[in-house]
Amino acid sequence: MAAGRGRNMQPVGELTVKAMRGESKEVIVIGAGIVGLSCAIWLQRAGHHVRVIEREGPGAGTSFGPAGVLASASVDPVTGPDLPWKMPRLVLDPNAPLFLRWPYLPRALPFMLKSLKMCTRAKTEAIAAALAQLTRDSLEEHRALAEATGAERYVAASDYLYAYRHRAAFEAAEFGFALRRRHGFVWEELDEAALFEAEPLLGDHLRFGVRFPGHGYIRDPGAYLGALAADFQRRGGALVKAEATAIVHEDGKVAGVRAGGALLTCEAAVLAAGIWSAPLAQSLGARVPMESERGYHVELVEPSASLRAPVMITEGEFVATPMEGRIRLGGVVEFGGLSAPPDERIFDFILRLGRAALPTIAFAETRRWMGHRPAPVDSIPLIGELPGARGAFAAFGHHHLGLTAGPKTGRLVADLVSGRRPNIDMSPYRPDRSP
Ligand SMILES: Cc1cc2nc3c(=O)[nH]c(=O)nc-3n(C[C@H](O)[C@H](O)[C@H](O)COP(=O)(O)OP(=O)(O)OC[C@H]3O[C@@H](n4cnc5c(N)ncnc54)[C@H](O)[C@@H]3O)c2cc1C
C-alpha cells in the first residue's frame, strides 16, 4: 500500500549500539509516520544517533492516507460549542459525515461522552491556542524538513478553499472562523462568480466559498514519507523492521526498547506510533483518553482535469486535493475501533458527494483506503516527557492535523531530547494532563 514499505530495513539482530560521543545520544523513535520521521530527522540533524523502529514501513500507518492539506488555519476542534446540539443529527442522518459502527458503541461511548465535556467555549479556545502553535508555520516547517532530502518536490504551496452550498452554511460556522481570526489567520470570502473563478471544476450547487492564502499540501504523502525515510537512512539513520512491545526503564530512566524479541538499548525513546501509542504510553503514565477516529479516502485515478488547490467540500466534510496522477477525496469520521474492516458505504458516500462537487471530472478508476486518526479526547497532541521514565518522550495524538503539525513536533522533540528549552509554551501538550 505505502511506497517504500519494508525496503532497506535492517533486521533487529544486525544492530549494534554505538558509543555516545559528546552531547550525542542513542535515540530510538517508535513509528515511521509523519510524526516519527520528523522527530527522527530533526534528532539526526541535532547530532544524535537515531534508530526508527517501524513494524511495517515508512508511511504505512495513518500518514499514508491523509487529504494532504497543510491545514494551518484549521485550529477549531471538532468538539466546538455547537457539537452537543449537532450530535443527534450527525449520528442519525445518513448524509452527515459522522458514522458510528453500532456494535462498537459500548467501547466508544465513554470517549464520546468525555469529548462532549470539551465543548465549552473556554476549552475550545484553549484547544485552538494549543493547536495554532503547532500548525501556524506548517508550509515553512515542511520545506525545512524536506530541504536537501529529495522529498522537496512533494511540498506544494497553495490556497486552501472551502466550498459551501450557500453563505448561510458559512455563517453557521461563525465561532470557528472567529477563533481562526483570533489566531491571525485571514481569508477572503468568495461569491458564486469568485468561487467559480478560483476553482472552475466545482459543481454549480456550490455557491459560496472561502479562500485561505498561504497554505499548502503534500502531492503524495506515501511517496513523501518514503523519500524522507530514504534520506534519513542515507545519512546514517537506521530503520528497524520490528514491533516495539515495551519501553524498558531502570531506576526511573529509559534503558531501551523491546522489539522483535530483542532489547535495543538507548538513552532516549520517542513514542510516535500514532493511535497504537496508547497502551505503551499509558504504562508510562500518560492519562489522556485516546480513540481511533477512522477516516476514509477515495482517489480518482487519472482524472480528466485537476484542481488548482485543495478544496474542503463542506457538505460531507472531506477535502478534494490534487495529487500526482489522481485527485484524493479524504475525510469523514467513523467510530469503529482498530480491527473492523472499512465500511463500503462510507466510500460510496464520499464518491457520491465527490462526483456532485466535481461533476465534469472523468477518471479511470478509484482507489480506496481507511485509516486511524489518533484522537485524544481534548484534540491536543501529547508531546513531552512521559512521567513514568526519564528519557521517554510522547509524540502522538495529532488527530486531524498530524500531517500539518508533524514537522514542528519533530523540532520540539529534538529540543526536548537535547535538553534545550523549546521556544513555545509546552504545557498544553503534557502527556500527564487530565483533560
Ligand atoms: C482520511 C484522513 C484524512 C486526513 N487528512 C489530513 C490532512 O489533510 N492534514 C493533516 O494534517 N492531517 C490529516 N489527517 C490526520 C493525519 O493523517 C494523522 O494525524 C497523522 O497521519 C498521524 O501521524 P502519526 O505519525 O502520528 O501516525 P501514523 O502515520 O499512524 O504512524 C505510526 C506508525 O507507527 C507504526 N507502529 C505502530 N505501532 C508500532 C509498534 N508497536 N512498533 C513499531 N511500529 C509501530 C505504524 O506502522 C505506523 O507506521 C487525516 C487523517 C485521515 C484518516
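Helix 1 and helix 12 pack with their axes 7 Å apart, at an angle of about 40°. The crossing of helix 1 and helix 12 is right-handed. The model is predicted.

Helix 1 brings six named residues to this contact: Ile-34, Val-35, Ser-38, Cys-39, Trp-42 and Leu-43. Helix 12 answers with Gly-402, Leu-403, Gly-406, Pro-407, Thr-409, Gly-410, Arg-411, Val-413, Ala-414 and Val-417. By class, the contact of helix 1 with helix 12 has 10 nonpolar, five polar and one charged residues.

Next comes helix 5. Helix 5 covers residues 138–146, and helix 1 covers residues 34–45. The axes of these two helices come within 10 Å and cross at roughly 60°. That makes helix 1 oblique to helix 5. The crossing of helix 1 and helix 5 is left-handed. On the helix 1 side, the contact is made by Ile-34, Ser-38, Ile-41, Trp-42 and Arg-45. On the helix 5 side, His-142, Ala-144 and Leu-145 take part. Five of the residues in the contact of helix 1 with helix 5 are nonpolar, two are polar and one is charged.

Helix 5 also packs on helix 12, which spans residues 402–417. Their axes lie 8 Å apart, at an angle of about 60°. That makes helix 5 oblique to helix 12. The crossing of helix 5 and helix 12 is left-handed. Helix 5 contributes Ser-138, Glu-141, His-142, Ala-144 and Leu-145 to the contact. Helix 12 contributes Leu-403, Thr-404, Pro-407, Lys-408 and Arg-411. The contact of helix 5 with helix 12 has four nonpolar, three polar and three charged residues.

Glu-54 places a polar side-chain atom 2.6 Å from an oxygen atom of the ligand. His-399 uses its backbone: an N or O atom there lies 2.8 Å from an oxygen atom of the ligand. Gly-68 has a polar backbone atom 3.2 Å from a ligand oxygen atom.

Ala-148 has a positive phi of about 60°, although it is not a glycine. Ala-148 sits in the loop between helix 5 and strand 5, the latter at 155–164. Glu-317 is not a glycine either, yet has a positive phi of about 50°. Glu-317 is found in the loop that runs between strand 14 (311–313) and strand 15 (318–323).

Terms used. Residues numbered from 1 in each chain as written. Predicted model: local features only at pLDDT ≥ 70, side-chain atom pairs only at ≥ 80, totals over all residues. Heavy atoms only, no water. Axes fitted to C-alpha atoms, helices over the stretch in contact; angles between N-to-C directions. Helix = DSSP H or I, 4+ residues; strand = E, 2+ residues; numbered from the N terminus. Parallel < 35°, antiparallel > 145°, perpendicular 65-115°, else oblique. Left-handed = near helix turned anticlockwise from the far one by under 90°. Contact = heavy atoms within 4.5 Å. Nonpolar A, V, L, I, M, F, W, Y, C, P; charged D, E, K, R; others polar. Polar contact = N/O pair within 3.5 Å; in protein donor to acceptor, adjacent residues only side chain to side chain.
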